[in-house]
Amino acid sequence: MAAGTARRRRPTGEPGGSSATASGVNAWQDDPGDSLPPAVPPELRAVPDLSIAPLRMRIDVTRPSAAGAYQPGTPEFRYWSASEALARGAAFWRQFLPQGMTWQPGDELPVLLDEGVDFNAFYDRRALNFFHGTAGGRTVFSGESPDIACHEQGHAVLDALRPELFDAGSIEAAAFHEAFADICAILAGLQLQSFRLAILSETEGDLSRSSRLSRLAEQLGWAIRQVSRDAVDPDCLRNAVNSFFYHTPEELPTRAPAAALSSEPHSFSRVFTGAFFEALAGGFRQAAAAPREADLQTVSVDLARLLSIAVQAAPVVPEYFSQVATALIAADASNGGKYRDVLASAFVRRGILATRAAVGMTAGQVAMALPAARATAAAEATPSRELPHLALAGAEYGLGDVPLLVRAASEPRRLVTAAAAVGVGAVSAPSSERAARAFVEDLIQRGHIDVADHVEIPGWIVHPHTFKTHRLARSETGFVLSRILFDCGFHAHMLG
Ligand SMILES: [Zn+2]
C-alpha cells in the first residue's frame, strides 16, 4: 500500500536527550485515563513516521531533538504520543482510500498540538487543533489522548472521503461526522496488539461490554465533569456501549444532559456509534468458535473497509444514518455477505433501519446502492464537491429580505430506506428543507454562529460568549451559512 509513496528520510546524528534512545518512543496504549498514576503506563513503540503519503501529517511544534522513551508530563512525551497515534490512524485509513485521494486541505495536514486553553480539540479544514485545560488541580492536554487525536483525524479522513458532508445543513449528517470520528478512535486503537489483548481480557471476550475500547476520552471526560457535572458520560467523554434508540433528530430537544439523547450532533452521534460498535462485537463473536486477538483485528479492518465504501456510496440526505447503514449492508453483500446478519441486527435494534427496510432489501436493490461511480470516487474527488445551496426566507431569522443560504442534504436517493419509528413501522424522512431549517434553528439556539461584524444581524443570533462552529457571511445572493470546524464535543467557553 505504500508503493509509490514518498518517504522523507529521518534526520540522523542529532544530539540525544537524556532519556532518549533511537529504538522507540513512549506512547499511551489508549486514552491516559482519569486515575493518577495512570492505570496503564505508556508502552515502548516503534518511532512513528508521519511523512508517508497519502495522508501525510506534520506536527507544528519543534520536534524533539531525538526520538526516545520520554516520561509522561514532558513536551517530548506529548509530541511522540500524539505522533504515534496519528501515524497509526493514518496508516490504517491509507489502505481504504481511493487512489489519488488525500486530505481536503492538501497533501499534508498540519497538527497544532497546543493552541491554548480549552477543553476541546477541532478540525477546521486547515489543521487538527488541540488545547490544554486545568481542572481539579490537573492539566489535561487533549492532543495527548490517542482517542481525541484519532477522533479529530477521523473528521479529516471523512472530509477526504466525502467533502460534501462538511457543510451539509442537516443534523444527522453533522452527527454522522461525530460518529465516524469516534469510530476512527475505536478502530485505530484496535490496530495495537497489546490493546486488543487487554480489551479481550477486560471484557472476557465479550466486546459488547463497556470497556476501555468503548469508553472514549476518559481523561478529558473526567476534566469536563469537574466543571460541568452532567455534560458528558459518568465514565468518559462518550461511551460506544450505550442504549440510545433512533429518533428523528428534528424532533429532539436542542440540548440535554449526557444521559439523554438530544439533537446536538455529539449527543445524537451515539446512536450510530453504538450500532457500529455492536456490529463490531457481533462480527468478532462470529469470527470463530473461540475468536482470538488476531480475529479482532481482521473484523476491524473488514468493517472499516465496508464503512469507507458506504460513506462514499450513501447519498447525503436528511435520513443519512439509514442510508449509510443500507450502504454498509450493500457493500458487505457485494463482498460475500459475511457481516450481513450482524450489521442488519445492530442497525435494526437501534432503530436506524426499520425492520421492513432491512427485510425488504433484495440483492438487486443493494447493487443499486453502490453505483460504480462511487467505487471510483477519486475521479470526482475535486475540492469543489459541494451540495447545492437552499434559500431560506431571511425574514424568519430577522435578516429582512435577504435570504439565508444553507447547503441542503439533497442528493438523489438511489435506494429507499427508512429508520424505525418509536412504536410501529418506519418514520418518513423530513424534506431537505425541513432538515436545513431544523439545523439552522439548532445552531441559533446553541449560539454556534459567528456573525463577524454584520450589524444587520439581530442580537439573538449573535451570542457573544459561545463557541462558534459556523459563520454567516454576506454574499451577493444572501447570507451564506458555512461551517468553520468540527470539534470533539465540549467548550470551556460554554460556561463563560
Ligand atoms: Zn468531533
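The legends below describe close-up views of a predicted model.

In this predicted model, local features need pLDDT of at least 70 and side-chain atom pairs count only at pLDDT 80 or more, while totals for chains, interfaces and linings use all residues. Residues are numbered from 1 along each chain as its sequence is written, and side-chain values use heavy atoms, with hydrogens and water left out.

**View 1. Strand S4 and its side chains.** Strand S4, which covers residues 108-112, is a strand in the sense of a DSSP run of E with at least two residues, numbered from the N terminus. Five of its five residues are buried, where buried means under 20% relative accessible area with a 1.4 Å probe and protein chains only. In a regular strand the side chains alternate between the two faces of the sheet. From S4, Glu-108, Pro-110 and Leu-112 point one way, whereas Leu-109 and Val-111 point the other way.

**View 2. The partners of S4.** Two strands pair if DSSP finds at least two bridges between them. Strand S3 (residues 56-59) pairs with S4 in the parallel sense over four bridges, and Ile-59 stands opposite Val-111 in S4. Strand S6 (residues 128-130) also runs parallel to S4, joined to it by two bridges, and Leu-128 in S6 is the bridge partner of Val-111.

**View 3. Cysteines without a disulfide.** A disulfide is a pair of cysteine sulfur atoms within 2.5 Å, and by this rule the count is zero. The closest cysteine sulfur to that of Cys-184 belongs to Cys-150 and lies 8.0 Å away, which is too far for a bond. Cys-184 is buried, with a relative accessible area of 2%, and Cys-236 is buried at 0%.

Definitions and conventions: Buried means under 20% relative accessible area, exposed over 50%, partly exposed in between (1.4 Å probe, protein chains only).
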